Amino acid sequence: MADEVILLDKWVSPFGMRVRIALAEKGIKYEYRDEDLRNKGELLLKMNPVHKKIPVLIHNGKPVCESNIIVQYVDEVWHDKAPLLPSDPYLRAQARFWADFVDKKIYDTGRKLWTTKGDEQKSATEEFIGYLKTLEAELGDKPYYGGEKMNYVDVTMIPFYSWFHTYEASGNFSIESHCPKLMAWAKRCMQHESVSKTLPEPEKNYEFVLQMKKRLGIE
Amino acid sequence: MAEEVILLDTWVSPFGMRARIALAEKGIKHEHREEDLGNKSDLLLKMNPIHKTIPVLIHNGKPVCESNNIVQYLDEVWPDKSPLLPSDPYLRGQARFWADFVDRKVFDAGRKVWATKGEEQKSLMEEFIGHLKTLEAELDGKLYFGGEKMGYVDVTMVPIYSWFHAYEVSGNFSFESHCPKLVAWAERCMQHDSVSKALPSPEKVYQYVLQLRKRLGIE
């Protein structure tokens, strides 16, 4: 029986990108549906009544919500191709720890960066760079967080690369000058089709954010 | 070779309680070390340099951080006794979703209540109760979130029960009147030694909260 896989998503969402990358890595056929978040579809509201957010993976009619939970689910169900989580429990716990770090630190601080100005923005920028440096230190000399291949942590973090230009333009700084190894890692990931075909053009992302800022009345 | 398991913790932390319950459920011998968060030990800072928080599980010298991560790790390393996560990937995704809800909604709203007073506190308290009602609906007549036995979501959620008395006295209301089924579920969990021995007395927690609010300059 063929699997029916639908992804409710939004093109600019780094959380949605995680799922798209995982699905592509594993060669899973699916139907992509771009949601209008200001006019949420009935299917989204029915499949994620608690949070009403994307991404939502609908596998044979059953929903899985929250990007990292979806990626783990996809990894467990389609475990033969491109495994994303290590099989060793300790290494798996380490991978979860770093994915959790990305979730708790990168998105929220990044958002502060482009929604604030003046001293508040300066402070958010410094905090953000600090977190990137922590991530860069964890990478060390490995080509990927997963070692020789991309893993769960790479998939969790790489979507934010499409947002780097937006962060840099907003905070008036260069990520390359602070974390060259992290930039090298990102470009390495971008050589994978699963990543390069998923991430939108940085300029497109920046245009989207400028529109959001206008709508939110930020400038 | 004997396993060496150490848990760095503090008595009042609901996150620490999760680890304690999981260890007890699985009958894992371990050394419990109480940390003074105002004067963190060298070991804590060495084992959790990123967040510097408890709980930290140290298994044969190697650290695992973040409470839900610790519980999953324990479940994977000691899978035979009291399995906490379901074996089916879809049900596992559901369990992770609800544990994430407990973390991001229930515990987060609950924590903010203590840093506020008056109208702001009243509003946060209502939000907190709203999240509890969502959880109560998810329980939906089951004995436990895990079904016939306690599972991952039960272990994640039940520690906050030791804080209920403190919320009730501060907010001048009764959880029983808002979510009687959730209270009944908590009391059912408390019949397990693993839970009743891990949770501190509600009165002790209340005294702690009064001191905390004094220290924060709220009352």
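Tutor: Start with a definition: helices (H or I, at least four residues) and strands (E, at least two) are DSSP runs, numbered from the N terminus. This is a predicted model, in which local features need pLDDT of at least 70 and side-chain atom pairs count only at pLDDT 80 or more, while totals for chains, interfaces and linings use all residues. Residues are numbered from 1 along each chain as its sequence is written, chains are lettered from A and ligands numbered from 1 in the order in which they are written, and side-chain values use heavy atoms, without hydrogens and water.

Student: Which stretch of chain A does UniProt list as "domain: GST N-terminal"?

Tutor: The record, an unreviewed entry, gives residues 3-82 of chain A. UniProt positions follow the numbering used here, feature names are shortened, and annotations may be inferred rather than shown by experiment. Over residues 3-82, chain A is 36% helix and 21% strand. The end C-alpha atoms of this stretch are 19 Å apart.

Student: What does UniProt place on residues 88-216 of chain B?

Tutor: That stretch carries the annotation "domain: GST C-terminal", again from an unreviewed entry. Here chain B is 72% helix and 0% strand. The end C-alpha atoms of residues 88-216 are 45 Å apart. For "domain: GST N-terminal", the unreviewed UniProt entry lists residues 3-82 of chain B. Those residues come to 36% helix and 21% strand, with 19 Å between the end C-alpha atoms.

Student: What confidence does the predictor give the complex, and what is the mean pLDDT of chain B?

Tutor: The complex has an ipTM of 0.93 and a pTM of 0.95. For single residues, pLDDT is the predictor's confidence, from 0 to 100. Chain B has a mean pLDDT of 95, and 100% of its residues reach 70 or more.

Student: How many helices and strands are there in chain A?

Tutor: Chain A has 11 helices and four strands. Its radius of gyration is 17 Å, close to the 17 Å that the globule rule gives for 219 residues, so chain A is as compact as a globular protein of that length. The radius is taken over C-alpha atoms, and the rule is 2.2 Å times the number of residues to the power 0.38. Along the principal axes, the C-alpha trace of chain A spans about 55 × 45 × 30 Å. Chain B also comes to 11 helices and four strands. The C-alpha atoms of chain B fill a box of roughly 55 × 45 × 25 Å along the principal axes.

Student: How much of chain A counts as buried?

Tutor: Buried means under 20% relative accessible area, exposed over 50%, partly exposed in between (1.4 Å probe, protein chains only). By that cut-off, 53% of the 219 residues of chain A are buried. In chain B the figure is 52% of 219 residues.

Student: Which helix of chain A is mostly covered?

Tutor: Helix 3, residues 67-77, has nine of its 11 residues buried. Among them are I69(A), I70(A), V71(A) and V74(A), but also N68(A), Q72(A) and D75(A).

Student: Is H51(A) buried or exposed?

Tutor: H51(A) counts as buried because its relative accessibility is 11%. Its place is in the loop between helix 2 (42-47) and strand 3 (56-59) of chain A. Contact means heavy atoms within 4.5 Å. Leaving aside neighbours within four places in sequence, H51(A) contacts E66(A), and also F97(B), F101(B), R104(B) and K105(B) of chain B. K53(A) lies in the loop between helix 2 and strand 3 too. With 44% relative accessibility, K53(A) is partly exposed. Beyond four places in sequence, K53(A) contacts L44(A) and N48(A).

Student: Where is W114(B) found?

Tutor: W114(B) is in the loop between helix 4 (89-113) and helix 5 (118-139) of chain B. It is buried, at a relative accessible area of 3%. Not counting residues up to four places away, the contacts of W114(B) include W163(B), Y167(B), V209(B) and L216(B). L210(B) is 96 residues away along the chain, yet its C-alpha atom is 9.3 Å from that of W114(B).

Student: How many residues does the largest nonpolar core have?

Tutor: It has 143 residues. A nonpolar core is a set of buried Ala, Val, Leu, Ile, Met, Phe, Trp, Tyr and Cys residues joined through side-chain atoms within 4.5 Å. Those with the most contacts inside it include L57(A), F164(A), M157(B) and W185(B). Outside four places in sequence, W185(B) contacts L139(B), L143(B), Y144(B), F145(B), D154(B), M157(B) and V158(B).
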